[in-house]
Amino acid sequence: MTSVETTSAPTATRITGWVTGLYATALTLVVLQGVWAGIFLEHDSDLWVSVHARGAEASILVAGIATVLAFWKLRSHRSLWVVGAAFTVVLVLIAFLGGLITDNEMASLIPVHVPLAMASLLLGTWLVVRSRRIGRA
Ligand code: HEM
């Protein structure tokens with residue numbers, strides 16, 4: 001006899017809640033990146049540049065965990081993990097460009113770094129709204 005493994009409705013709802021919470025946390029961390037940037041641009045502070053660097057790592061980690069969880073447990077909701085993967089990759093790219101700006105003094109990349117950060121806010125917001133809707137359906 002073959003057994004088919006299915007995720008029960010309450011379990012799927014709980015997992016969707018986790019995915020929503022993780023994407024919301026990553027989105028909040030990205031918003032905070034703008035705050036830390038505002039502080040270091042105003043005060044020319046190395047401390048806040050490193051807070052910005054740690055914030056980047058945290059947002060990438062949380063977005064990556066949410067994407068893996070969505071891929072693993074909510075595979076049928078393709079948009080959640082495809083857009084989640086795009087969100088995570090964009091955050092990695094933003095962080096890479098940020099590293100070049102700071103370490104190689106490539107200030108010319110700031111006009112790419114900041115608009116990409118704005119784009120990541122759109123992706124993160126879309127993910128939170130979409131996963132919330134799926135959780136309520
Ligand atoms: C509106 C949002 C943002 C603004 C205005 C901004 C601005 C900047 C600026 C001006 C720098 C150069 C700092 C310096 O060396 O003086 C920088 C560096 C950096 N940014 Fe952003 N950024 C934003 C969002 C983000 C996001 C969303 C990420 C990644 C998730 C990120 C990751 C980094 C990293 C990793 C560095 C290099 C820090 C280091 O190596 O110590 N930034 N950012």
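1. Which residues of α2 are buried? In this predicted model, they are H52, G55, A56, S59, I60, V62, A63, A66, T67 and A70. These buried residues pack against α1 and α3. As a general point on spacing, an α-helix has 3.6 residues a turn, so residues three or four places apart point the same way.

2. The length of α2 checks out. The helix runs over residues 46-73.

3. Next, the core. The largest nonpolar core has 24 residues. Those that touch the most other members are V19, Y23, A26, A63 and A66. At least two residues of this core come from each of α1, α2, α3 and α4. The biggest share, seven residues, comes from α1.

4. What does A63 contact, once its neighbours within four places in sequence are left aside? The partners are A26, G84, F87, T88 and L91. A26 is, with A63, among the core residues that touch the most other members.

5. Now the ligand. It is surrounded by 23 residues, the closest being G34, A37, A56, G98 and T102.

6. Four helices build the ligand shell: α1 (9-43), α2 (46-73), α3 (78-103) and α4 (110-136) each supply at least two residues. Which helix gives the most? That is α3, with eight residues. By class, the shell holds 12 nonpolar, 10 polar and one charged residues.

Terms used
Residues are numbered from 1 along each chain as its sequence is written. This is a predicted model: local features need pLDDT of at least 70, side-chain atom pairs count only at pLDDT 80 or more; totals for chains, interfaces and linings use all residues. A residue is near a molecule or strand if its C-beta atom, placed from the backbone, lies within 6 Å of it. Ala, Val, Leu, Ile, Met, Phe, Trp, Tyr, Cys and Pro count as nonpolar, Asp, Glu, Lys and Arg as charged, and the others, Gly among them, as polar. A nonpolar core is a set of buried Ala, Val, Leu, Ile, Met, Phe, Trp, Tyr and Cys residues joined through C-beta atoms within 7 Å. A residue is buried if 20 or more other C-beta atoms lie within 10 Å of its own, exposed if 12 or fewer, and partly exposed in between; C-beta atoms are placed from the backbone. Two residues are in contact if their C-beta atoms, placed from the backbone, lie within 7 Å.
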